[in-house]
Amino acid sequence: MAHRLAVVVPTPAHSSLAGALSYRSEFALAPGTLVRVPLGRREVLGVVWEDDPSGHPERSAAEDKPVTGSLDGIPPLSANWRRLVAFCAGYYQRSLGEVAMAGLPPQLRDLDGVQLGRRLKRPSAPTAAAAGSALNLTPEQDAALLSFEAGNGPFLLFGATGSGKTEVYLQAVQRLLEREPLAQALVMVPEINLTPQLQERFVERFGAGQVVAMNSGMTHPQRLKSWLAAHTGTARIVLGTRMAVFASMPGLKLIVVDEEHDPSYKQQEGARYSARDLAVYRGKLEGAKVLLGSATPSLESWHASEKGRYQRLLMASRVGQGQLPAVRVVDMNLQPKQTVFSTALLQAMQQRIARGEQSLVFLNRRGYAPVLACTACDWKSECPNCSAFRVFHKIDRTLRCHHCGYTERVPRACPVCGNVDIAPVGRGTEQLEEHLGELLADVKQANGDSVRIARMDADSMRLKGALEQQLARMHAGDVDILVGTQMVTKGHDFRRITLVAALNADSALFSSDFRAPERLFGLLMQAAGRAGRDAAQAAASEMWVQTWHPQHPLFAALRRHDYPAFAASQLKEREQAGMPPFGFQALVRAEARTQEAAQAFLQAASAAAQELEGAEQVTLYSAVPMSIQRVANVERAQMLVESASRGALQRFLAAWQPVLRATREKGLIRWAVDVDPLAI
Ligand code: ADP
Ligand code: ZN
Ligand code: ZN
């Protein structure tokens with residue numbers, strides 16, 4: 001007798017199907033079984049969702065196509081994994097298939113049963129935890145860990161930079177693994193380039209066989225290997241970026257989210273999920289403890305800890321004699337025009353060079369890419385396809401659009417007036433490095449050698465191994481000044497830095513995005529956190545901020561390293577304005593041939609929404625052009641949807657989904673909903 005199965009397959013994002021199609025099989029297959037099924041003319045990977053799809057009458061039994069094969073060497077995905085996927089698809093308004101496939105390694109699709117069997121046969125045997133390399137905890141770490149062990153959470157570890165949060169994660173994992181022989185832990189970090197460093201520490205502590213990584217920088221075979229090790233329970237620790245939140249882990253008992261405030265946890269395309277929020281949800285689902293950690297928590301998490309929904313663990317001081325740096329604010333209004341580095345800052349850096357200490361110059365890149373301009377007319381290096389300027393890349397003398405990728409060689413002369421004097425306006429890290437080199441050309445190290453300046457940004461780190469190499473030079477003391485973007489501020493445990501300087505902090509102060517001050521404060525605190533980590537030099541460590549707005553309250557809080565005060569003032573403003581975490585938002589974005597079409601689509605969907613039940617509980621704003629309005633000749637518009645209740649917003653979005661699907665507009669290319677958007 002043939003069995004009917006509901007199988008989740010990779011369907012389009014806004015498929016009207018419930019997300020599963022029915023197939024028939026000669027054998028009963030348990031929910032969660034991975035199968036291969038025909039879809040159109042292709043054969044695709046699918047997940048058996050239910051073994052009696054009576055709730056999915058899209059097709060009649062006679063039409064059901066047969067399942068082609070099942071990957072029976074692989075144990076079925078758990079009910080909790082399927083619940084997590086279903087929740088994510090529902091909450092973020094995407095199809096089940098899209099989310100399910102995003103959570104599985106791509107190579108599962110390509111392997112046949114024999115190949116898989118081979119891979120499954122030789123998993124590395126679990127090795128015993130490498131014991132005693134654990135550090136003796138400080139009293140603060142000890143107290144935090146005790147509360148963690150005693151409570152249920154979710155926990156918010158509010159620990160200063162350098163307070164030793166990683167050691168707390170390590171020992172929380174260690175105690176769990178020792179106590180429960182089948183337990184697994186998931187540890188998430190925001191950036192791929194933080195994984196090698198963390199992996200090293202975990203491998204050192206637990207042995208290589210216990211730990212696998214999961215991130216988008218890995219090859220497909222590597223990802224499959226990690227996934228299988230986690231899924232079969234061989235690996236007891238998974239370290240990864242946001243995608244790891246979907247790792248199949250039958251013994252999951254602990255989820256750590258390091259730097260939980262980091263925007264990288266929000267997926268920015270396709271299913272725009274927040275891995276941090278999903279981690280909290282998953283913890284509840286699986287009965288796993290969730291530990292969020294940060295020196296500058298997101299205001300959402302901080303608010304939850306104020307209300308007691310999250311349990312706060314505090315580690316206020318640095319390990320050992322490490323101290324947070326003194327903050328110096330330079331008023332740029334008092335500096336000569338065109339000043340990039342104030343004299344006082346330059347002198348402070350020279351002192352470091354003389355003492356053999358390191359400095360870090362951090363450039364806030366938002367809105368600050370070097371654009372080429374003509375000094376005679378108004379020409380700037382606009383992108384012909386986008387409403388954005390192309391960026392000048394000195395290394396290969398090209399103009400590149402960072403949105404559509406359109407690239408051209410730098411013209412010899414201004415294309416409008418023929419003037420040959422065209423130059424970059426604004427400064428990127430590359431120009432900054434060069435400028436600093438000129439300013440310090442005559443300065444010598446104590447041994448008489450010239451100053452060594454290095455750069456670390458997305459451009460210079462593109463080559464494989466470049467990051468490791470630069471970090472190694474930094475740690476070895478072969479660099480005097482490191483110039484870089486956000487990338488240099490995150491996580492790194494540099495021991496010799498005693499000065500951190502932030503340039504161009506101001507652009508975020510007056511942004512249209514209400515989260516900009518929160519971001520800036522977090523960024524500056526993180527940057528400050530790179531200085532003075534070594535006791536011997538900590539007393540002399542400094543954080544320099546150059547600003548045109550020295551009176552801004554943000555800097556007053558920064559001077560005192562007072563995140564709670566900053567958070568309190570921001571939360572008050574947010575409460576008055578009904579903004580997150582006091583209100584809930586979604587954005588609908590539309591792309592079309594013309595701006596009119598994009599907006600007309602949104603307005604039509606908005607008008608139709610008024611009929612829906614519960615529409616009175618949400619506010620639909622007018623459609624507006626996105627801040628970068630045109631990308632690759634496509635016009636973009638967005639519409640904000642707000643509600644005081646998360647539940648009401650969710651119910652409304654679910655009811656609105658078919659309306660959006662049914663709304664037709666000539667010239668419309670695509671649309672998507674972003675729930676809990678991070679940038680407005
Ligand atoms: P955070 O993540 O809170 O910024 P880290 O985990 O990077 O801090 O710790 C800062 C430094 O302190 C690291 O070099 C770490 O090895 C060291 N450290 C942490 N805990 C201890 C401890 N209990 N005893 C000695 N050194 C410690
Ligand atoms: Zn010109
Ligand atoms: Zn472009």
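This is a predicted model: local features need pLDDT of at least 70, side-chain atom pairs count only at pLDDT 80 or more; totals for chains, interfaces and linings use all residues.
**Ligand 1 and its surroundings**

Start by selecting ligand 1 and the residues around it. There are 18 residues in this shell, and Asn136, Gln141, Gly162, Lys165 and Asp493 are the closest. Colour the shell by residue class: 8 residues are polar, 6 are charged and 4 are nonpolar.

Next, show the polar contacts one at a time. At Asn136, a polar backbone atom lies 2.7 Å from a nitrogen atom of ligand 1. At Lys165, a polar backbone atom is 2.9 Å from an oxygen atom of the ligand. Arg495 takes part through its side chain, where an N or O atom sits 3.1 Å from an oxygen atom of ligand 1. How much of ligand 1 does the protein bury? The ligand exposes 570 Å² when taken alone, and 79% of that is buried by the protein.

Now select helix H5, residues 165-179. This helix gives the most to the shell around ligand 1, with 3 residues. Then colour by domain. Domain 2 (139-315) supplies at least three residues of the shell, and so does domain 3 (326-366 + 428-575).

**The six-stranded sheet**

Hide the ligand and turn to the strands. Select E14, E24, E23, E15, E22 and E21, which in that order make up an open sheet of 6 strands with parallel pairing. Which strands lie at the edges? They are E14 (326-331) and E21 (453-456), and each of these pairs on one side only. Look across the sheet to see the twist, which averages 20 degrees from one strand to the next.

Zoom in on the E21 end. Here E21 pairs with strand E22, residues 481-484, in the parallel sense over 4 bridges.

Which residue of Val8 and Leu34 stands opposite Val47? Both do: Val8 stands opposite Val47, and Leu34 stands opposite Val47 as well.

Follow the chain from E3 into E4. The two strands form a hairpin with 2 residues between them. Gly40, in the turn, has a positive phi of about 60 degrees.

Select Gly153 and Pro154, which are joined by a cis peptide bond with omega of about 0 degrees. Pro154 is in the loop that lies between helix H4 (139-150) and strand E7 (155-159).

Move on to Pro580 and Pro581. The peptide bond between them is cis, and its omega is near 5 degrees. Pro581 is placed in the loop between helix H16 (563-577) and strand E25 (584-592).

Finish at Asn633, in the loop between strand E27 (624-631) and strand E28 (634-643). What is the phi of Asn633? The angle is near 65 degrees, a positive value in a residue other than glycine.

Note on methods: Residues are numbered from 1 along each chain as its sequence is written. Chains are lettered from A and ligands numbered from 1 in the order in which they are written. Side-chain values use heavy atoms; hydrogens and water are left out. A residue is near a molecule or strand if one of its heavy atoms lies within 4 Å of it. A polar contact is a pair of N or O atoms within 3.5 Å; within protein, one must be able to donate a hydrogen and the other to accept it, and residues adjacent in sequence count only if both atoms are side-chain atoms. Accessible areas come from the Shrake-Rupley method with a 1.4 Å probe; for residues, only the protein chains shown count as cover. Ala, Val, Leu, Ile, Met, Phe, Trp, Tyr, Cys and Pro count as nonpolar, Asp, Glu, Lys and Arg as charged, and the others, Gly among them, as polar. Domain bounds come from an automatic or database domain assignment. Two strands pair if DSSP finds at least two bridges between them. Axes are lines fitted to C-alpha atoms, for helices over the stretch in contact, and angles run from 0 to 180 degrees between N-to-C directions.
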